[in-house]
Amino acid sequence: MAKVLMKGNEAIALAAIKGGVDAFYGYPITPQNEVPEYLSKHLLANGKVFLQAESEVAAINMVYGAAGAGKRVMTSSSSPGIALKQEGISYIAAAELPCVIVSVMRGGPGLGGIQPSQADYYQATRGGGNGDYQLIVYAPESIQETIDIMKESFDIADYYRNPVMVLVDGLIGQMMESVDFDKPVKERFLPEKDWATNGTMNHPGKRNIANSLQIDPKALEQHNIHLQEKYNTVKKNEVRYELINFDDPEYVIVAYGTMARICRSAIELLEKEGISVGMIRPISLFPYPKEAFAKIPDKAKGILTCELSQGQMLDDVLIANNGKHKVGFFGRSGGMLPDPEEIVEAIKNFNERVVK
Amino acid sequence: MKKTSNVKVAGFGGQGVMMFGQVLAYSATKDELFGLWFPSYGPETRGGTANCSVIVSDKQINSPVFKNADHLVAFNLPSLEKFRTKVEKDGLILYNGSLIKDDVKEDNILCIGVPVNDIANDLGNVRVANMVMMGAYLELTKLFSDETIEAIIKKFLGERKADLLDINMKAIEKGKAFIKDLGVNYA
């Protein structure tokens with residue numbers, strides 16, 4: 001297929017269809033409304049399920065139910081909406097059910113604003129729900145990468161029996177780019193869903209239960225140990241990142257999503273001024289690409305973390321850096337987007353940016 | 001063509017600002033270039049100005065955000081005032097000469113007023129003013145061929161408004177003719 005120009009939210013929806021989504025449950029919120037709008041037209045027309053629930057809480061619990069029945073299910077929302085879904089997300093992770101959650105971040109906290117933001121890094125990687133659970137979180141930088149990850153995300157969710165979150169900011173949702181939907185997806189061996197609660201005619205003599213309640217502490221601890229083993233496998237196998245301009249950089253930027261693209265332009269501007277800056281661009285936020293930091297040359301002058309927040313991924317950068325290099329921070333928030341020139345200035349005045 | 005063009009398009013809601021920007025991004029995609037479009041949305045659009053940013057490039061686009069535009073297309077005075085200081089050296093400002101009567105001047109920037117409302121009214125439909133501007137813009141920047149633009153506008157109009165293709169293409173022709181008559185070269 002030739003390239004097409006498509007809005008990010010619509011591309012997310014079409015990529016979900018290509019990824020084999022059976023059902024969508026959601027509740028409207030800006031700036032992700034074109035995801036359900038597109039799916040409402042195209043899922044129903046193809047005999048699939050689209051349902052606008054009465055609330056976010058209802059929507060995520062419908063996801064829980066349909067995922068339990070073994071279907072490929074998704075929801076999408078934006079910051080305060082994702083906050084409302086946290087209880088259900090924790091239950092789904094506990095019950096080890098696969099689903100895809102699209103989070104199109106806007107400025108917070110509270111109801112906040114509707115402009116692009118990355119202030120839900122903690123929400124995505126640390127969870128707002130209770131318990132020792134993790135989502136597998138991807139943060140693409142362009143509509144193309146969002147499509148490629150969306151198509152694959154249902155396989156990854158099924159493979160690990162775990163919710164996958166695709167985390168983008170409002171700009172990726174609202175902008176249009178030239179994209180190609182036909183890039184191949186990595187093939188994974190996916191076992192039968194013999195755990196699905198889809199009726200005993202599908203698993204005679206066996207009663208399947210989807211549940212997150214474990215009253216016996218011994219059993220619950222065993223379940224937690226099992227979950228941690230799974231997350232460790234995810235950490236081993238699913239780390240994704242890109243190294244940019246890593247040939248002997250003077251400074252290294254760490255940025256993801258839209259911020260990474262702004263930094264790409266900043267790096268080009270700095271190159272023209274004879275300042276060589278590399279970038280670690282995490283694509284998976286959980287698992288976080290800690291190993292990339294070992295590739296930073298010893299003599300690099302420092303690491304600048306750039307985010308559309310007041311500093312959340314910064315924590316993971318500090319952990320991964322482990323005191324080796326100076327770490328600085330540049331952030332904009334509330335929906336404000338920096339232009340590349342602001343990043344150029346931050347690198348030039350790195351010492352003023354150092355936090356540790 | 002310069003390798004990457006950062007374009008800011010701004011005006012009142014209803015003047016076809018978003019369509020103008022999208023036609024450029026669709027044309028880039030059709031010509032196998034990279035196109036990126038994003039609208040201002042939310043509170044910044046209140047108070048009369050709608051604007052969008054477009055990037056057309058022959059290579060992968062990095063930052064979707066730019067500080068200064070290479071080209072500013074302003075359909076009304078508030079938009080011109082808002083963005084005229086955010087244009088690159090050797091850039092281009094195209095403005096609606098029907099609504100902005102003052103002569104616009106900026107150092108090292110080519111500023112041209114095109115009376116797009118008047119020309120569109122002469123054609124019998126003020127709503128094609130944006131395509132008059134498109135004609136002027138393409139005559140100056142040479143970004144896309146008539147063939148590409150026609151295919152994209154056809155797609156935009158769809159079957160329901162297919163009868164409007166003719167007047168849109170005429171509007172583009174008039175915009176081009178206006179620039180030719182001025183004898184200005186830019187690209």
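Which helix of chain A gives the largest share of the lining of the largest cavity? In this predicted model, that share comes from helix α7 (residues 143-160) of chain A, which contributes three residues.

The cavity itself was examined next. The count of cavities of 30 Å³ or more comes to one, and the largest cavity has a volume of about 30 Å³. Its lining is made up of Lys71(A), Arg72(A), Val73(A), Pro98(A), Cys99(A), Phe154(A), Ala157(A) and Asp158(A). By residue class, this lining divides into five nonpolar and three charged residues, with no polar ones.

Aromatic contacts were then considered. A pair of aromatic rings is described by the distance of the centres and the angle of the planes. Over all chains, the structure holds 10 aromatic pairs. In one of these, the ring centres of Tyr64(A) and Tyr91(A) are 6.4 Å apart and the ring planes stand at 90 degrees, so the arrangement is edge-to-face; planes over 60 degrees apart count as such. Tyr64(A) belongs to helix α3 (residues 56-68) of chain A and Tyr91(A) to helix α5 (residues 86-94) of chain A, so the pair ties together parts that are 27 residues apart in sequence. Tyr64(A) is buried, having a relative accessible area of 14%, whereas Tyr91(A) counts as partly exposed at 33% relative accessibility.

A further pair in chain A is formed by Tyr121(A) and Tyr256(A), whose ring centres lie 5.7 Å apart with the planes at 45 degrees, so this pair is tilted. The pair links distant parts of the chain, 135 residues apart. Tyr121(A) is located in helix α6 (residues 121-125) of chain A, while Tyr256(A) is found in the loop between β10 (251-254) and α10 (257-272) of chain A. Both values of relative accessibility fall under the 20% limit for burial: Tyr121(A) is buried with a relative accessible area of 0%, and Tyr256(A) counts as buried at 1%.

In chain B, one aromatic cluster is formed by Phe20(B), Phe75(B) and Tyr137(B).

Key
Residues are numbered from 1 along each chain as its sequence is written. Chains are lettered from A and ligands numbered from 1 in the order in which they are written. This is a predicted model: local features need pLDDT of at least 70, side-chain atom pairs count only at pLDDT 80 or more; totals for chains, interfaces and linings use all residues. Side-chain values use heavy atoms; hydrogens and water are left out. On a 1 Å grid over the protein atoms alone, a cavity is a set of points where a 1.4 Å probe fits but cannot get out, and a pocket is an open set with protein on both sides within 12 Å along at least five of seven lines; lining residues have an atom within 4 Å of a point. Grid points are joined across faces, edges and corners, and a volume is the space filled by probe spheres set on the points. Helices (H or I, at least four residues) and strands (E, at least two) are DSSP runs, numbered from the N terminus. Ala, Val, Leu, Ile, Met, Phe, Trp, Tyr, Cys and Pro count as nonpolar, Asp, Glu, Lys and Arg as charged, and the others, Gly among them, as polar. Rings of Phe, Tyr and Trp (its six-membered ring) pair if their centres lie within 6.5 Å; planes under 30 degrees apart count as stacked, over 60 as edge-to-face and the rest as tilted. Buried means under 20% relative accessible area, exposed over 50%, partly exposed in between (1.4 Å probe, protein chains only).
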